[in-house]
Amino acid sequence: MQPIAVEYLDPVSPNRDKKLFVPAVGDLKGKTIAFLTNGWNSYNAMGEHLARVLKERFDIREMRTYPIPTSCAPAEGLLARVAQECDAAIVGMAN
């Protein structure tokens with residue numbers, strides 16, 4: 001019988017030499033916010049509500065919705081596209 005190979009995935013960033021810095025979004029007025037959704041109805045409904053609240057209370061420019069798969073990594077380049085097109089992102093799983 002051949003041994004079974006087990007691969008462990010380490011979620012820790014390989015960047016151990018320096019701290020990762022992500023600047024605060026600050027004032028949301030005029031900003032574009034990304035909403036990444038895995039398609040769950042409850043999460044989509046929450047996104048619609050958040051879009052209204054963010055527009056009414058914080059005067060965002062827009063909230064863009066990006067679909068992501070439910071059980072695997074997003075398509076190559078999607079996260080880079082979101083970072084280029086938006087000032088901040090709301091990401092969550094509704095399952």
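R52 counts as partly exposed, at 45% relative accessibility. This residue sits in helix α1 of what is a predicted model. Although R52 and M63 are 11 residues apart in sequence, their C-alpha atoms lie 9.2 Å apart in space. M63 in turn belongs to the pairing of the sheet, for it is the bridge partner, in β2, of I33. The sheet itself is described next.

**The sheet**

Three strands form an open sheet in the order β2-β1-β3, and their pairing is parallel. The edge positions are taken by β2 (62–67) and β3 (88–91), each of which pairs on one side only. Between neighbouring strands of this sheet the average turn is 25°, direction ignored. Strand β1 covers residues 32–37. The two pairings of β1 are set out below.

| Pair | Sense | Bridges | Bridge partners |
|---|---|---|---|
| β1 and β2 | parallel | 6 bridges | I33 and M63 |
| β1 and β3 | parallel | 4 bridges | F35 and I90 |

In a regular strand, side chains alternate between the two faces of the sheet.

**The helices**

Helix α1 comprises residues 41–58 and lies across β1, β2 and β3, running at about 170° to β1. Helix α2, residues 78–85, also lies across β1, β2 and β3. The angle between α2 and β2 is about 175°. Together, β1, α1 and β2 make a β-α-β unit, and this unit is right-handed. The helix of that unit is also the one that holds R52.

Is T32 buried or exposed? With a relative accessible area of 1%, T32 falls under the 20% limit and is therefore buried. By contrast, R52 has a relative accessibility of 45%, which lies between the limits of 20% and 50%, so R52 is classed as partly exposed.

T32 is placed in strand β1. Which residues does T32 contact, leaving aside its neighbours within four places in sequence? The contacts are with R61, E62, R64, E85, C86, D87 and A88. With R61 there is also a polar contact, in which the two side chains are joined at 3.2 Å.

Methods: Residues numbered from 1 in each chain as written. Predicted model: local features only at pLDDT ≥ 70, side-chain atom pairs only at ≥ 80, totals over all residues. Heavy atoms only, no water. Pairing = 2+ DSSP bridges. Axes fitted to C-alpha atoms, helices over the stretch in contact; angles between N-to-C directions. Contact = heavy atoms within 4.5 Å. Buried < 20%, exposed > 50% of the residue type's maximum accessible area, 1.4 Å probe, protein only. Polar contact = N/O pair within 3.5 Å; in protein donor to acceptor, adjacent residues only side chain to side chain. Right-handed = clockwise from strand over helix to strand, strands pointing away.
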